[in-house]
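Subject: Structure handover and notes

Hello,

Please read the notes with the model open beside them.

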Amino acid sequence: MKVAIGSDHAGFDMRKVVSNYLASAGIQIEDFGTFSPDSVDYPDYAEKVGVAVHEGRADRGVLVCGTGIGVCIAANKINGIRAAAPWSPETARLSRQHNDSNVLCLSGRHLEKGLVLELLKIWLETPFEGGRHQRRIDKIASLEQMD
Ligand code: RB5
């Protein structure tokens, strides 16, 4: 699996936590920055990571901003992206089992490091269940066709 990662300044430190975990798990990483704590705009990083997943250059993406919400809103504008911002182990698991989420959005300011690592691990390891959930994913994809 190859995972694209990115963050704004508010997710800068937590992205390092994420990339250290991915590296220790032997997962290939493409890191889109930001590479300094200077203020930047989170949609730019959501775009870089989301497009990498959209184009198949990465299997999944992980984004971090202050809340995890801004990057999630932005990434979900890209066709084929199902970005989720879980806040508990169960919502991380369900975002994979039911929603086949392909981008994980995390908060750098409002989640503890230990929980972030737990969410990340569960999200990486949990498969999509398919079945009735595939029908719902197909309906989400049809929303991308709206003008
Ligand atoms: C940056 O201050 C902050 O607004 C951003 O990281 C994010 O939380 C937006 O949703």
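Which residue forms a salt bridge with glutamate 125? The partner is lysine 121, and the closest N and O atoms of the pair are 3.4 Å apart. Bear in mind throughout that this is a predicted model.

Salt bridges

Both members of that pair belong to helix α5, where they sit 4 residues apart and are therefore separated by about one helical turn. Glutamate 125 is exposed, at a relative accessible area of 53%, while lysine 121 counts as partly exposed at 38%.

The count for the model comes to 7 salt bridges. One of them lies in helix α4, which spans residues 89-97 and holds both glutamate 90 and arginine 93. These two residues form a salt bridge with the closest N and O atoms 2.7 Å apart. They are 3 residues apart in the chain, about one turn of the helix. Glutamate 90 is partly exposed, with a relative accessible area of 42%; arginine 93 is also partly exposed, at 29%.

Another salt bridge joins the side chains of arginine 57 and glutamate 55, with an N to O distance of 2.9 Å. Arginine 57 has a relative accessible area of 36%, so this residue is classed as partly exposed.

There is also a network of salt bridges that links Arg82, Arg96 and Asp100. Aspartate 100 lies in the loop between α4 and β5. Its relative accessible area is 18%, which puts aspartate 100 in the buried class because the cut-off for buried is under 20%. The backbone of aspartate 100 deserves a look too: phi is near 50°, a positive value in a residue other than glycine.

Nonpolar core

The largest nonpolar core has 20 residues, and those touching the most other members are Val3, Val18, Leu22, Val62, Leu106, Leu120 and Leu124. At least two residues of this core come from each of β1 (2-7), α1 (12-24), β3 (60-65), β5 (103-107) and α5 (113-125). The largest share is that of α5, with 6 residues. As background, nonpolar side chains tend to be buried together in soluble globular proteins.

Strand β3 also contains valine 64. This valine is buried, with a relative accessible area of 1%.

Surface charge

Arg132, Arg135, Arg136 and Lys139 gather on the surface in a patch of positive charge. Arginine 132 is placed in helix α6, which covers residues 132-143.

Backbone

The bond joining glycine 33 and threonine 34 is cis, with omega at about 20°. Threonine 34 is found in the loop between β2 (28-31) and α2 (42-54).

Regards

Technical notes. Residues numbered from 1 in each chain as written. Predicted model: local features only at pLDDT ≥ 70, side-chain atom pairs only at ≥ 80, totals over all residues. Heavy atoms only, no water. Patch = residues over 30% accessible without salt bridge, like charges linked within 9 Å, V, L, I, M, F, W, Y side chains within 5 Å. Areas by Shrake-Rupley, 256 points an atom, 1.4 Å probe, with all protein chains shown as cover. Salt bridge = Lys/Arg side-chain N within 4 Å of Asp/Glu carboxyl O. Lys, Arg positive; Asp, Glu negative; His and termini not counted. Charge placed at Lys NZ, Arg CZ, Asp CG, Glu CD. Core = buried A, V, L, I, M, F, W, Y, C linked by side-chain atoms within 4.5 Å. Buried < 20%, exposed > 50% of the residue type's maximum accessible area, 1.4 Å probe, protein only.
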